[in-house]
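Please consult the sequence and the three-dimensional view as the sections proceed.

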Amino acid sequence: MAPGMWSEPLLYERLSWPEVRRAAAEDRVALIPVATLEDHGPHLPVDCDLRIVSEICRRAAGAAPAETVLLPPIPHGYDPHHMDFPGALTIGWDTFTRYCRDVGSSLARHGFTRMLYLNGHGSNQNLVETAARLVNVEHPGVLAAAAFYLTSPEGLAEVERVRESTRGGIGHACELETSIYLAIDPGAVEMSKAVDERNPNETEHAWFDWSDGSLKVMPWWSSFSVTGVHGDATKATAEKGRRLLDAAVEECVAYVRELRSMRLPERRQPKETPG
Ligand SMILES: [Zn+2]
């Protein structure tokens, strides 16, 4: 973001009900950060996903203050495979999915027609996408979308430019997440405890990185990482984190603007010819 582009975000929870009605009438995109609390190695707090995605959304809402309303983050997500590690809190997949859907459905009930769940925890992703889908199905005139930060082509390209680690170096409590946390709050990161640990059980199509392999396998986390880290946290720096954070904010603002440019869906009678 260019300097001077920053302003205070409109916080949903601080609005009175007439202000909520006005925010909906202004066609603002409701921005909903979604995360989880779980182990992120010995060097990072368990709120890593929550802190990162909250910060991305707060900055994005500040960069597009007239186009967004920022919801409080959904802090708890789906991570049963992390429960060997102290700190992980997991919500049943169906409860979590319905919870996310219910937040969106409530917003739709109040007149918001565009919403974006921005997710920061991998195992939430399919469920958050399902929640957004359910909002769309239940509210046919609404556009609810879901995305994981830094997964657009531009975001992925910046990850590739910034990273020093080879494949497997970015995954969890890794070069990327540790760098972003360093950029947000360096005092909360204990770099002397950062390690490089990779899944030793990878194959041609089953591997973890920022984009995983095409063959999806997710066993208990402790079966392939004893520290909780997957990736090379030792390569993290605050400077990398600043670049990644800027790219994630730009990406989120782009999503907001795209959602605002889209025509709201209307259900139609099927016909045998297009148009
Ligand atoms: Zn994480």
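## Tyr149 and its surroundings

Leaving out residues up to four places away in sequence, Tyr149 touches Ile52, Ile56, Leu118, Asn119, Gly120, Leu176, Glu177, Ile180, Trp210, Ala248 and Glu251. The model described here is a predicted one.

## The nonpolar cores

Tyr149 also belongs to the largest nonpolar core, which has 48 residues; together with Ile56, Leu150, Leu176 and Ile180, Tyr149 is among the members that touch the most others. Two or more residues of this core come from each of β1, α2, β3, β4, α5 (153-162), α6 (175-184) and α7 (238-261). The largest share, ten residues, is given by α7. Another core, of 25 residues, lies apart from this one and includes Val20, Cys100, Ala108 and Ala144.

Strand β1 spans residues 29-34, and six of its six residues are buried, so the strand is largely enclosed by the rest of the structure. Burial extends to both faces: Val29, Leu31 and Pro33 lie on one side, and Ala30, Ile32 and Val34 on the other.

Two parallel neighbours pair with β1. Three bridges join β1 to strand β2 (residues 68-70), and five bridges join β1 to strand β3 (residues 114-119). Ala30 illustrates both pairings: its bridge partner in β2 is Val69, while in β3 Ala30 stands opposite Met115. Helix α2 (residues 48-63) forms a right-handed β-α-β unit with β1 and β2.

## Leu143 in strand β4

Leu143 is located in strand β4, which covers residues 143-148. With a relative accessibility of 14%, Leu143 falls under the 20% limit and therefore counts as buried.

The C-alpha atoms of Leu143 and Arg114 are separated by 4.9 Å, although the two residues are 29 residues apart along the chain. Arg114 is also one of the contacts of Leu143 beyond four places in sequence; the others are Thr113, Met115, Asn136, Leu259, Met262, Arg263, Leu264 and Pro265.

His40 and Asp49 are both buried, and Glu177 is among the residues touched by Tyr149.

Definitions and conventions: Residues numbered from 1 in each chain as written. Predicted model: local features only at pLDDT ≥ 70, side-chain atom pairs only at ≥ 80, totals over all residues. Heavy atoms only, no water. Buried < 20%, exposed > 50% of the residue type's maximum accessible area, 1.4 Å probe, protein only. Helix = DSSP H or I, 4+ residues; strand = E, 2+ residues; numbered from the N terminus. Pairing = 2+ DSSP bridges. Right-handed = clockwise from strand over helix to strand, strands pointing away. Contact = heavy atoms within 4.5 Å. Core = buried A, V, L, I, M, F, W, Y, C linked by side-chain atoms within 4.5 Å.
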